[in-house]
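This briefing goes through one structure by topic. Please keep the sequence and the 3D view open while reading.

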Amino acid sequence: MEWANDGKSRGGVLAHLERLEIQVNRSRKNLEDLQRAQAIESALGTKIHKLRCLRDELRAEAKQRQARVKASTVNVEPDQTPEISEQEIAKRRKENVKAILQAYRFTGLSGKLTSRGVCVCISTAFEGNLLDSYFIDLVIQKPLRIHHHSIPVFIPLEEISAKYLQTNIQHFLFCLCEYLNAYAGRKYQADRLQSDFAAFLVGPLRRNSLCNLLSFTYKVEPRGQSFPFCARLLYKDLTTALPTDVTVTYQGKRKYCTFCSHD
Amino acid sequence: MYQSDSEGWASSKDLRSHLGHLESELRFLSTLTGISIRNYSMKTEDLTNTEKKEKSIMKVLQRHRLSGNCRMITFQLEFQILEIQNKESLSSVITDLNIIMEPTEYSELSEFVSRAEERRDLLMFFRSLHFFVEWCEYRKRTFEHFKERSGPARRGVTSLQPVVCRDWEAETKRLHSRDRSQDQCTKEKYPAAVHLPEGAASSCMAVQSTCQPGFELVIVWRVQIDEEGKVLPKLDLLPKAPQQALKLDRNRVLETAPLSFRALLGTLGIEAALESLIKSLCTAGYD
């Protein structure tokens, strides 16, 4: 479309000038808006700053007051009631600690400190049955030595202490624990066999003090005509309560049967 | 803090020193057993009836509550003990055992706990727990040690980009021809990337060679508790290699790696075996 020269071009220029004027007005308005927004922003900024200062002042004052209150309570003469309750607390704590010390027997090892060193109590159990406890009194010196103990003579105490006592007390005690628990388990089983299965046994149950060699004759039926079997149980591993070798013989014909519970 | 009467003061002092003595006993037992008992209480219930009294049999049911921790694992136990006293003897039997453990992430523990509850084997529970925790801590320390001492080498290694193993033969020729001294990494670190996939308490450690990122060795270290409560570490090696490497492996080194690793463990022990394994990764390309 072509613009005509005179009127139209003048209209063109005017229109253009109009457009420019509108643009200027618009940008001026934008600038004013921007300036207004900035003013508001800076006003808010100052307000924030003022509020923060106020907050810090209040915090400091609160702290000061707290400190004053604390200081004042310390200077107050202690009267009877708080003192007694402190003793009560200590008493209760003592009862609690005593009870916990007793509870340690359920872990297998408990004990108390002595003037010489420590007296450790080893508890044993088998299948939920709590069995005998043994004690070992150690003198804390260099070298560590055993003052006295209640460990049966057939438990290899010298061997175990030679291996571990000087280097690792924990290992020494754990090892002893293993042996004693296994022995207690074997003894318990042998006792149960003797008492609960008396009707099946023919003759006495023969056993050694370590209870790792048992020999007995038994019948499959308590009464009646069944033939007696001779059983021999050997527990080679002293740290377990299960036999490693079992031999059953049937008189006349030897029915040899062994099983090993360990490779 | 002074009291008005000296008698009161003396007993208070005694109380405090006695308490101190008891607390040091507690600390000793806690260190010895590895178990820290924090709380314990017991209630008793007399179950003796008149019939039993005539036969001079006494029955008492004890209800015990115990809680504490073994390093990072906390436990809460409730158990009942039935005490029967007759003319000849006294018998004590654990008749019920309930164990709650936290955290529960150690999957190996849950089976062990149910076994202990079934067997009412309180002693074994504590003993095995102590050793289990010790082994887990040792595993954590060992893995962290190797993680700290490995990482991409600081200078000299050029192939930090993943090796595209399309032309494996050409690649190996190139590696063979490269000057070995260029790839000498700083003495303190192993030129391998160690990654613990499950985090700090991870049961496996992945080792990737920085020279040959296609190769990865995963060492799985489980701590198992067997039927009798014995705690044993069980280590396995899972090698990973690109397909073409497997084809070239005429001596079946990769196939037999897991077995060889077991043998290595037996000879060198865990730490030395892991160390030699990591070291072997960076020299693998040059043999």
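On a 1 Å grid over the protein atoms alone, a cavity is a set of points where a 1.4 Å probe fits but cannot get out, and its lining residues have an atom within 4 Å of a point. The model is predicted: local features need pLDDT of at least 70, side-chain atom pairs count only at pLDDT 80 or more, and totals for chains, interfaces and linings use all residues. Residues are numbered from 1 along each chain as its sequence is written, chains are lettered from A in the order in which they are written, and side-chain values use heavy atoms, with hydrogens and water left out.

**The cavity**

- The structure holds 1 cavity of 30 Å³ or more, where a volume is the space filled by probe spheres set on the grid points, joined across faces, edges and corners.
- The volume of the largest cavity is about 30 Å³.
- Its lining consists of A:T107, A:F174, B:T33, B:I35, B:F126, B:R127 and B:H130.
- Helix 4 (residues 122–148) of chain B gives the largest share of this lining, 3 residues; helices (H or I, at least four residues) and strands (E, at least two) are DSSP runs, numbered from the N terminus.
- The lining has 3 nonpolar, 3 polar and 1 charged residues, where Ala, Val, Leu, Ile, Met, Phe, Trp, Tyr, Cys and Pro count as nonpolar, Asp, Glu, Lys and Arg as charged, and the others, Gly among them, as polar.

- A:T107 sits in the loop between helix 2 (80–103) and strand 1 (109–113) of chain A.
- A:T107 counts as buried because its relative accessibility is 2%; buried means under 20% relative accessible area, exposed over 50%, and partly exposed in between (1.4 Å probe, protein chains only).
- The side chain of A:T107 reaches the backbone oxygen of A:Y104 at 2.6 Å.
- Leaving out residues up to four places away in sequence, A:T107 touches B:T33, B:I35, B:I37, B:L123, B:F126 and B:R127; contact means heavy atoms within 4.5 Å.

**Aromatic pairs**

- Rings of Phe, Tyr and Trp (its six-membered ring) pair if their centres lie within 6.5 Å; planes under 30 degrees apart count as stacked, over 60 as edge-to-face and the rest as tilted.
- By this rule there are 18 aromatic pairs over all chains.
- B:F112 and B:F125 are stacked, because their ring centres are 6.0 Å apart and their planes are at 10°.
- This pair links distant parts of the chain, with B:F112 in helix 3 (residues 107–119) and B:F125 in helix 4 of chain B, 13 residues apart.
- B:F112 is buried at 0% relative accessibility, and B:F125 is buried at 0% as well.
- B:W135 and B:Y138 form an edge-to-face pair, 5.8 Å centre to centre with 65° between the planes.
- B:W135 and B:Y138 are 3 residues apart in helix 4 of chain B, so about one helical turn separates them.
- B:W135 is partly exposed at 23%, and B:Y138 is partly exposed at 24%.
- One aromatic cluster is formed by A:F216, A:Y218, A:F227, A:F229 and A:Y250.

**A:V220 and chain A**

- A:V220 is in the loop between strand 6 (213–218) and strand 7 (229–234) of chain A.
- With a relative accessible area of 52%, A:V220 is exposed.
- Not counting residues up to four places away in sequence, A:V220 touches A:F200, A:S226 and A:F229.
- Chain A has 4 helices and 8 strands, in the order α-α-β-β-β-β-α-α-β-β-β-β along the sequence.
- Of its 263 residues, 31% count as buried.

Methods:
On a 1 Å grid over the protein atoms alone, a cavity is a set of points where a 1.4 Å probe fits but cannot get out, and a pocket is an open set with protein on both sides within 12 Å along at least five of seven lines; lining residues have an atom within 4 Å of a point. A polar contact is a pair of N or O atoms within 3.5 Å; within protein, one must be able to donate a hydrogen and the other to accept it, and residues adjacent in sequence count only if both atoms are side-chain atoms.
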